[in-house]
Amino acid sequence: MNLILVSVLSLGGIGAVSAIILYFISQKFQVEEDSRIEEVEAALPGANCGGCGFPGCRAFAAACVKADSLENLACPVGGMPTMEKVANILGKTAMPVDPLIAVVRCGGSCEHRERTNRYDGVKSCAIVHNLYGGETDCSWGCLGYGDCENSCTFDAIHINPITLLPEVDEEKCTACGACVKACPKNIIQLRKKGHKSRRIYVNCVNQDKGAVNKKVCDVACIGCSKCFNVCAYDAISIHNNLAYIDDKKCTLCRKCVEVCPTNSILELNFPPRKPKVEETSNVVLNG
Amino acid sequence: MNKLVVSPSPHVHSGNSIQKEMKSVLIALIPAYLVALYYFGVGALIVSVTSVLSCVLFEYLIQKFILKGEKTITDCSAIVTGLLLAFNLPSNLPIWIVIIGALVAIGVGKMSFGGLGNNPFNPALVGRVFLLISFPVQMTSWPRPIPFNPAYMDAETSATALTALKEHLENIPSALDMFIGNMGGSMGEVSTLALLLGFAYLLYRRTISWHIPITILFTVFVMTGIFYLVDPQTYASPLVHLMTGGLMLGAIFMATDFVTSPMTKRGMFVYGIGIGVITVVIRLFGSYPEGVSFAILIMNAFTPLINTYIKPKRFGEVRKK
Amino acid sequence: MKTFKMGGIHPEECKFSAGKKTEVISLPKQVVIPLRHYSGKPSIPEVAKGDMVKVGQLIGRADGFVSANVHSSVSGKVVKIDNALDAFGYKNPAVFIDVIGDDWLETIDLTPKVKRTCDLESSEIIKKIAESGIVGLGGATFPTHVKLSVPAGKKAEVLIINGAECEPYLTCDHQLMLEKGEEIIIGITILMKAIQVKRALVGIEANKPDAILNIEKWAKTVEGVEVIPLKVKYPQGSEKQLIQALTGREVPSGGLPIDVGAIVQNVATTFAVYEAVQKNKPLIERVITVTGKSVPEPGNYWVRVGTPLSHVVEKTGGIPEDTGKIVAGGPMMGRALPNLEISVAKGTAAVLFIPSSESGRGKVQNCIRCAKCVFHCPMGLEPYLLMNRSEKNLLDELEQNRVMDCIECGSCSYVCPSNRPLVDYIRYGKLKVGELIRSRKVQQL
């Protein structure tokens with residue numbers, strides 16, 4: 001009986017003393033923090049993807065609390081609904097931002113770009129890029145080993161096993177930029193998602209001369225400037241044998257797509273064009 | 001001509017493979033196996049075959065149905081684990097106990113960590129120590145060495161040299177008997193000669209390096225030597241310690257297991273000294289007659305620490321003044 | 001016999017072309033001379049489309065200090081200056097010249113007599129070497145004049161000549177030592193004068209006894225040159241390992257050979273120095289070995305820089321039927337080529353044909369922690385750890401574990417029983433850590 005009493009009292013005493021010490025220490029070393037950071041963080045998606053440019057949701061929340069206005073602060077995953085919630089908590093206004101999406105600028109699938117040698121080694125784009133130009137004769141184009149797919153935390157980009165090119169899932173992509181950083185050839189770019197998800201871009205990053213490209217890939221940009229000539233909005237520029245469409249100026253008129261001789265400019269999510277109706281004589285012969 | 005292959009250098013390979021390394025170990029174990037078959041007869045055969053087959057079967061089943069990975073038994077590491085487990089058991093152990101040992105060795109000691117390369121503890125020793133603690137009576141009844149013994153579970157038993165030392169009995173085998181293996185003990189540990197032949201083969205094939213075994217044996221020799229010099233009545237001579245028990249088998253085949261031993265020469269010295277010290281402490285002052293298995297398992301736990309903090313000698317080491 | 005202390009491997013020597021007398025490959029129809037060397041910036045073209053050039057004429061000027069001049073290896077007409085695929089996997093600027101005849105510049109001395117005396121001063125020698133576009137012919141193609149320019153505060157004590165040729169299959173240096181022994185010795189004396197040292201050590205692996213004898217014979221005719229046979233072990237020809245074997249000194253981690261008073265030059269570079277200084281001949285041709293297990297007649301050939309490999313292969317017996325891989329260089333550190341349109345560069349030492357049966361890599365398995373990579377690494381690194389940290393992009397740990405010390409010799413991948421692509425990941429790790437170190441230096445400025 002004595003033993004039990006002694007044990008209970010001594011252990012209980014140790015526990016009580018520890019609790020008191022811990023209480024005072026936690027009070028003394030408590031980090032003073034604006035309680036709103038906690039609230040804002042709770043409103044964020046919590047993916048910690050870094051798409052906002054900050055290392056994690058908590059850092060973004062802290063930045064929002066500290067900033068004077070929410071300009072240039074946007075969560076690509078949560079989008080406008082999340083920014084509205086944050087704005088409500090902080091008493092600031094959420095700035096509308098054009099949604100972005102990852103765009104893969106290479107059309108060199110197996111069908112269009114012949115594989116001329118066989119790579120045998122670690123299947124990682126970064127490692128192959130460090131070694132040589134890849135299994136095709138276009139050293140600028142997509143290598144297809146999936147570093148972008150591995151870097152995506154939203155399951156939004158996958159390498160198509162038949163074309164060996166990455167494909168972006170429009171619903172899931174949050175434009176966090178991870179795949180852009182992962183691609184060693186700078187093929188993936190964040191561009192405006194566009195009205196009704198429509199966008200037009202040059203599906204090539206090859207800067208070699210056109211004559212060389214034609215032999216290597218059917219759908220390469222040959223820098224012929226036809227698109228540049230036809231664009232009425234000054235949205236296209238040609239540098240180093242490669243055309244580039246500025247998504248801020250592009251009005252989605254699609255004239256460049258029509259004139260491109262190699263089908264190197266892509267239009268996404270547009271309705272099919274009406275076929276041109278030919279002028280025929282409408283004389284109907286009776287009888 | 002077909003498409004050319006492009007890969008990063010180097011473009012040649014030594015041809016070495018995990019299978020080759022394992023086969024080299026198996027060949028090195030042949031002398032000890034022959035001695036086991038000679039002195040422990042039918043029992044040795046039954047226990048070893050059961051152990052090897054169980055280990056291979058369990059690895060195959062676990063890999064296929066639980067881990068759902070590719071077949072790994074072709075790398076022969078399960079065969080080595082099976083044989084080494086058998087070498088650590090007495091030859092009169094019932095089959096069902098051997099199978100349990102194999103299941104623990106492979107299932108718990110190896111596959112639960114993700115298969116070859118991921119286990120922190122030597123699988124055969126995990127199995128052996130599990131059996132020792134779970135079935136202490138069966139695991140400490142040692143058959144006598146009888147050439148081509150036809151008996152299996154009813155083989156005549158006697159105390160081994162180490163039990164004799166622990167209990168201060170008089171009947172320790174002669175030096176020659178200890179050297180060739182004419183004494184009681186677990187199947188693979190008895191013959192110092194056979195194990196040394198295996199060691200020579202492993203060194204010749206460059207499967208293992210000399211660092212771990214020599215360090216362990218040297219440490220044991222020195223430590224027991226000191227005690228023997230101080231009090232020869234109580235403590236046995238270092239040579240007796242080297243040639244009895246599982247020390248030779250442990251030093252050459254168990255401690256040198258790739259996965260669980262350190263990666264640097266300096267680390268191997270620390271590891272070997274640790275095993276030697278713990279073995280001697282258990283043998284001289286612990287309640288178990290043999291300490292090698294425990295010593296190796298304890299030092300296995302230190303291997304990651306050794307690998308993190310003990311770095312190899314660098315070329316062009318810049319000494320900070 | 002002397003050797004380096006740590007690590008190393010013994011691959012099959014396969015010196016099938018040893019002892020084969022050099023032959024001259026006839027001129028191709030067109031040469032494509034690269035303007036970019038591996039080390040340094042590409043040279044600035046000095047000619048334009050339509051220009052007529054002679055052999056030895058300057059066609060590219062060095063851009064900056066760590067860059068080299070480029071000279072035409074043929075006479076003819078410049079077709080274009082355009083990008084061409086080189087052995088490093090990407091297209092880089094090159095000069096395309098259609099070959100017309102074989103007219104050499106008048107200033108070049110084509111007489112065969114060996115000129116033994118050199119009256120130039122040290123700085124004049126280095127200037128002439130720079131003008132002649134000499135780069136390291138051991139493979140790294142580092143501009144030689146940069147190596148010979150000892151930085152302030154350091155002093156050169158010994159010249160080391162690399163005759164090791166430790167890569168399997170390669171015999172071009174071996175053959176050069178047999179045929180041009182006297183010229184090489186004169187080249188050594190010229191280099192000794194350039195860096196103002198009284199002592200030169202020539203390291204030659206023991207599998208070339210005839211070369212050792214020949215160089216020893218000619219070394220007796222000059223002062224201060226000693227020939228030292230070395231144990232056959234790869235990578236004996238690596239600079240740091242060679243310096244340790246010959247002098248016992250270790251180049252400190254992150255340091256250069258000059259930190260221990262040594263300057264290392266390859267024997268082929270030494271021969272090129274002789275030709276440049278004594279005969280006014282810039283670097284426009286070199287010996288390469290064409291070899292492989294299925295090549296019916298492996299041999300050593302004099303080839304003009306810029307000759308397409310397809311021409312070389314055509315003139316030396318064609319591509320063997322069972323070829324799976326074509327490697328520019330040796331099997332341990334050479335580069336596999338995607339096609340044969342690449343031309344011979346100054347650093348191309350060999351064309352190696354590897355049969356398909358040997359072209360594939362084994363299946364990659366888990367690391368079994370056998371520590372063979374650690375034991376065989378000549379730089380005392382832990383390749384298994386470096387690969388693991390590279391995979392996970394843990395750059396700080398990589399730097400602490402001295403990934404930048406790796407010489408990419410390939411010994412670790414060679415011995416790994418699990419066929420792990422150790423060097424691939426370590427190279428990637430070096431790339432990333434190198435970027436990190438450079439960005440740190442930029443921030444500090």
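**Interfaces and interior**

Between chain C and chain B there are 24 residue pairs in polar contact, both residues at pLDDT 80 or more; a polar contact is a pair of N or O atoms within 3.5 Å, where within protein one must be able to donate a hydrogen and the other to accept it, and residues adjacent in sequence count only if both atoms are side-chain atoms. Strand 15 of chain C gives the most to the side of chain C that touches chain B, with five residues; helices (H or I, at least four residues) and strands (E, at least two) are DSSP runs, numbered from the N terminus. The residues of that side of chain C divide into 29 nonpolar, 17 polar and 15 charged. Here Ala, Val, Leu, Ile, Met, Phe, Trp, Tyr, Cys and Pro count as nonpolar, Asp, Glu, Lys and Arg as charged, and the others, Gly among them, as polar.

This is a predicted model, in which local features need pLDDT of at least 70 and side-chain atom pairs count only at pLDDT 80 or more, while totals for chains, interfaces and linings use all residues. Residues are numbered from 1 along each chain as its sequence is written, chains are lettered from A and ligands numbered from 1 in the order in which they are written, and side-chain values use heavy atoms, with hydrogens and water left out.

The contact (heavy atoms within 4.5 Å) takes 61 residues from chain C and 41 residues from chain B. About 4,200 Å² is buried between these two chains, and carbon and sulfur atoms give 57% of that area; buried area is the accessible area (1.4 Å probe) that two parts lose on being put together, summed over both. On the side of chain C, the residues that lose the most area to chain B are C:I368, C:R369 and C:F375, together 15% of what that side buries. The count of salt bridges between chain C and chain B is five, a salt bridge being a side-chain nitrogen of Lys or Arg within 4 Å of a carboxyl oxygen of Asp or Glu. The side chains of C:E250 and B:K313 meet in a salt bridge, at 4.0 Å from N to O.

Chain B also meets chain A, where nine residues of chain A are in contact with six residues of chain B. The area buried there is about 650 Å², with 66% from carbon and sulfur atoms. A:R118, A:D120 and A:L131 supply 56% of the area that chain A buries against chain B, more than any other three residues. Zero salt bridges are found across this interface, and four residue pairs are in polar contact, both at pLDDT 80 or more.

Within chain B, helix 4 (residues 123-134) has 12 residues. Nine of these 12 residues are buried, so helix 4 of chain B is largely enclosed by the rest of the structure; buried means under 20% relative accessible area, exposed over 50%, and partly exposed in between (1.4 Å probe, protein chains only). Its buried residues are covered by elements of chain B including helix 2 (77-87), helix 3 (95-108) and helix 13 (292-309). At the N-terminal end, B:N122 caps helix 4, with a side-chain oxygen 3.2 Å from the backbone nitrogen of B:A124.

B:L132 is found in helix 4 of chain B and, at 8% relative accessibility, counts as buried. Leaving aside neighbours within four places in sequence, B:L132 is in contact with B:M139, B:T140, B:Y288 and B:F294.

Definitions and conventions: The expected span of a helix is 1.5 Å times one less than its number of residues.
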